[in-house]
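Me: I'd like a close look at a single part of this protein, along with what surrounds it. Could you take me through it step by step?
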Amino acid sequence: MVRHLTQRGVLGFLMLWLWLGVANAQGIQEASDTQDVNPMQTVDVRLSATKLMLGQPLVLTITARPTISGAQLAEQFSQLNWRTLQTDWAIESVNSNSERIRVTLYPLRAGQVAFSAIKAGWINAPQTLIEVAQNPEVTIEWQAPPPTMYHQQNSAWNARVTLKNAANAAHFEARKPLHLLDDQSVNTQKVEVVAEPFNEKTQANAAQKTVQLLANVQANVQANLGRSPFEPPQPNATQNATRSVLSPVVVVKNTTQQVWRFYDAPHTLNVQPLPQFLPAGLPVGQVSFGAANEFDIKPFKPPFWHLAKRLYHWPMRLTTQGLDQTGLKQLAEQWQTQIPNTAKNSTKNSAQIEWLVESQTFTQVLNPNSASGESSANGTNATSNLSGEVLNNVPYRIMQPGLVTLPAVHWRVFDPHTGKLQVLSMPERTVFAVPVWALYMGVILLVMLLLYTLYKARKPFNQAWSKRRLKQAIHQASTPQHIWRAMQLWQGLQIQPASQTLGQFNAWYNTHFKPCHVLNALMAQLNVEHFSTQPSNTSDSSNPVNSDNTLTALKTLALEWVNNIRR
């Protein structure tokens, strides 16, 4: 019995000794591993400078030792919290390879700027004070968008850049997506650079110049900004949302080919939802009718008279304020849904009108002159610098003659200035179509009427012209025979053969013209002068005074007769 217990004790002692040996070996191995690999010494973190100037970069370099793989370094880097740097620094770019990661940052202000400590795993960047000096060559006045905007409303980010050297150049650039700040707590909005530089003014002495730069900012309630434009519009949100908007970049290129980059502080934007009664995808902005072309001051209206089966064009120009490219296309789609189009929906074409494929032109520009501090009823800055224009040209044919009604067209947008739905309408218009043969007949009738009018107008014109010539001949007559000859010539101008005797002339005149007693007296006096067998005292050529008196009396009678010629 004692022997059996002794064997059990020896066996238990051997097992205990073996267990202690294995545990001691593991502890020695762990201590050896801890002594060989120090987590605080496997990653090297360095800043490129402690003194710099506004516009110059600060580079944070994170280098891994050979004991750490690139995947491990990237995993540790993804856990860093960059939000502590947002108030003083703008992150421009991140470049990485299997051994190191470089982060390029730019200061937002001058003075003592703290590079806040960031730490994750083996990466530890301590807080460092950076001395940032003013840039003596560049002065920038920033104007951020309004603090409150409607969903899908557009506004502008304004930068007034003064360059001390007029040879330098400045322009806007959009921020690159880095995904360092993308999470569920803060949603970064996109800023679109539409035109740069927009307005540039150089001083008279050419020593410096001022450049006005504008970038468009659109408020968006949805966090997903990468949605495809071909997807259907999302329903309007019902709650306000807070968004962080990153400023565009002012890039200045100096004469030494160096590039300075300037940033504004992030802007907090309160995005208000659109009213729930509005349909999804409704443009947000203002719209009005524009002239049909540069020579008109009113919108185009189809003419009342149309030719059947002839091609006509219906141009419609809309001027917009605060609508981006997507909003302009939405306006054009509203036109398309109300005007039938054979290429898209041939069932809407009536038997009277054939609608063809329309052409569309979109124009968009940022206008600094439209900037305003005017606020809407809800406190938002409703005036946008983004101006646009939509030109739709719809060709159509009226296939059958008669009265045809062109449909009414309505455009709807949400006006952020009034907070109400704005409806721009063009009422229906009734036109009349005539066949082509009716046009030709009308032209022929018009020509015939014109010729008849000219024919009827010929006689009064000929009458006035012949009377004028008759008066001139009477004034120039030196004998009674000259007066009689002038009367015969006048008769010939009436498309009548000249009379040979005074009696024939008198009879012809009384037949074609209104009888005149003055003519009877003139005929009697001429008869005395020409055919009397006994000359009167008035015709005595030996008495010049009597002869002149007789001629004067004949001229007076002749002129009085001419003035009384009436048909």
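How many residues does helix α3 (residues 325-338) have, and how far does it reach from its first C-alpha to its last?

Reply: Happy to. One note before we start: this is a predicted model, in which local features need pLDDT of at least 70 and side-chain atom pairs count only at pLDDT 80 or more, while totals for chains, interfaces and linings use all residues. Residues are numbered from 1 along each chain as its sequence is written, and side-chain values use heavy atoms, with hydrogens and water left out.

Helix α3 has 14 residues and reaches 21 Å from its first C-alpha to its last, close to the 20 Å expected at 1.5 Å a residue. That expected span is 1.5 Å times one less than the number of residues. The element names come from DSSP runs, numbered from the N terminus: helices are H or I runs of at least four residues, and strands are E runs of at least two.

Next, which way do its residues look? Gly327, Leu328, Gln330, Leu331, Ala332, Gln334 and Trp335 of α3 are buried. Buried here means under 20% relative accessible area, exposed means over 50%, and partly exposed is in between, with a 1.4 Å probe and protein chains only. The packing partners of those buried residues are the strands β21 (286-290), β23 (311-321), β25 (359-366), β26 (386-398) and β28 (409-415). Contact means heavy atoms within 4.5 Å.

Gln364 is in β25, and it counts as partly exposed because its relative accessibility is 22%. From Gln364 to Thr320 there are 44 residues in sequence but 9.1 Å in space, C-alpha to C-alpha. In β28 you will find Arg412, which is partly exposed because its relative accessibility is 38%. Apart from neighbours within four places in sequence, Arg412 is in contact with Leu282, Pro283, Gln334, Leu421, Gln422 and Val423. Gln334 in that list is one of the buried residues of α3. Arg412 and Val284 are 128 residues apart in sequence, with 9.3 Å between their C-alpha atoms.

Rolling a probe the size of a water molecule over the atoms shows where empty space is left. A cavity is a set of points on a 1 Å grid over the protein atoms alone where a 1.4 Å probe fits but cannot get out, and lining residues have an atom within 4 Å of a point. Points are joined across faces, edges and corners, and the volume is the space filled by probe spheres set on them. The model has two cavities of 30 Å³ or more.

For comparison, take helix α6 (residues 502-512). Its buried residues are Leu502, Phe505, Asn506, Trp508 and Tyr509. Seen down the axis of α6, they fall within an arc of 165°, so they line one face of the helix. The arc is that of the directions from the helix axis to the C-beta atoms.

A few stops elsewhere round out the picture. Val94 is partly exposed because its relative accessibility is 28%, whereas Glu92 is buried, at 9%. The side chains of Glu92 and Arg261 are joined by a polar contact of 3.3 Å. A polar contact is a pair of N or O atoms within 3.5 Å; within protein, one must be able to donate a hydrogen and the other to accept it, and residues adjacent in sequence count only if both atoms are side-chain atoms.

Finally, the whole chain. It has eight helices and 30 strands, and buried residues make up 39% of its 567 residues. Of the contacts with a separation of 6 or more, 69% are between residues 24 or more positions apart.

Note on methods:
1 Å grid on protein atoms, 1.4 Å probe; cavity = no way out; pocket = protein on both sides within 12 Å on 5 of 7 lines; lining within 4 Å.
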